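Student: I am new to this structure and would like to go through some of its side chains. Could we begin with what counts as a contact?

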Amino acid sequence: AIEEDLIEEVGRVHGFRNIEEQHPLRELVPPEENDMLRLQERMRDMFQGAGFREIYSYSFMGADDIAAMGDQKEEYIQLENPSRPEFSYLRGSLGSGLLKAASENLKHEDAVHLFEVGNVFRNEHQAGYCEHGHIGGIMADTARSRDPLFFELKGSLSLFFEHMGVD
């Protein structure tokens, strides 16, 4: 048993209400604010405000996914012992997961507006294996032609950049 478990057991048997209250012995210092997390939250808020829904996709992909993206397998990090063949590589972009999610959603609705915030992994030969934070979005509409969808996408991107303070 660890010390904390013993202390909790003594408190339970003795009765938590019977333990005298006292202030912490040290000053409680809040953690430093994480700028990257704050930035990600701003991006999420903007996309959600523009009508996009957030997805969470696997960080793994297969050789077929890599070929469908037009990439070479050598650019990706291959796992030594994947649980399934379609999970043999770490994803190098968010594109594959967004395309799969859009394809599945379009089976049930005419239009989708999706985004994802996540990490991608690349074999950058000179630098070695690298992990980067990315954000990606996708819009698709089976009921409208490309032109109106293009202008809607352009408006969403303008809103995004304005919200992020980019001119």
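Tutor: Contact means heavy atoms within 4.5 Å. Please keep in mind that this is a predicted model.

Student: Which residues does Y129 touch, leaving out those up to four places away in sequence?

Tutor: Y129 touches I77, R122 and N123.

Student: And where does Y129 lie? Is Y129 buried or exposed?

Tutor: Y129 belongs to strand β5, which covers residues 128-141. With a relative accessible area of 61%, Y129 is exposed, because exposed means over 50%.

Student: Back to R122: which ring does R122 lie over?

Tutor: R122 lies over the face of Y76, 4.7 Å from the ring centre.

Student: Changing topic, how many aromatic pairs are there in the whole structure?

Tutor: A search of the whole structure gives seven aromatic pairs. One of them joins Y58 and F87, with ring centres 4.8 Å apart and planes at 50 degrees, so the pair is tilted.

Student: Where do Y58 and F87 sit in the chain?

Tutor: Y58 is in the loop between β1 and β2, and F87 is in the loop between α3 and β3, 29 residues apart. Y58 counts as exposed at 58% relative accessibility, whereas F87 counts as buried at 11%.

Student: What about F60 and F87?

Tutor: F60 and F87 also form a tilted aromatic pair, 5.8 Å centre to centre with 45 degrees between the planes. F60 lies in strand β2 and F87 in the loop between α3 and β3, so this pair ties together parts 27 residues apart in sequence.

Student: Which residues form an aromatic cluster?

Tutor: F47, F52, F115, F160 and F161 form one aromatic cluster.

Notes:
Residues are numbered from 1 along each chain as its sequence is written. This is a predicted model: local features need pLDDT of at least 70, side-chain atom pairs count only at pLDDT 80 or more; totals for chains, interfaces and linings use all residues. Side-chain values use heavy atoms; hydrogens and water are left out. Helices (H or I, at least four residues) and strands (E, at least two) are DSSP runs, numbered from the N terminus. Buried means under 20% relative accessible area, exposed over 50%, partly exposed in between (1.4 Å probe, protein chains only). Rings of Phe, Tyr and Trp (its six-membered ring) pair if their centres lie within 6.5 Å; planes under 30 degrees apart count as stacked, over 60 as edge-to-face and the rest as tilted. A charge sits over a ring if NZ of Lys or CZ of Arg is within 6 Å of the ring centre and within 35 degrees of the ring normal.
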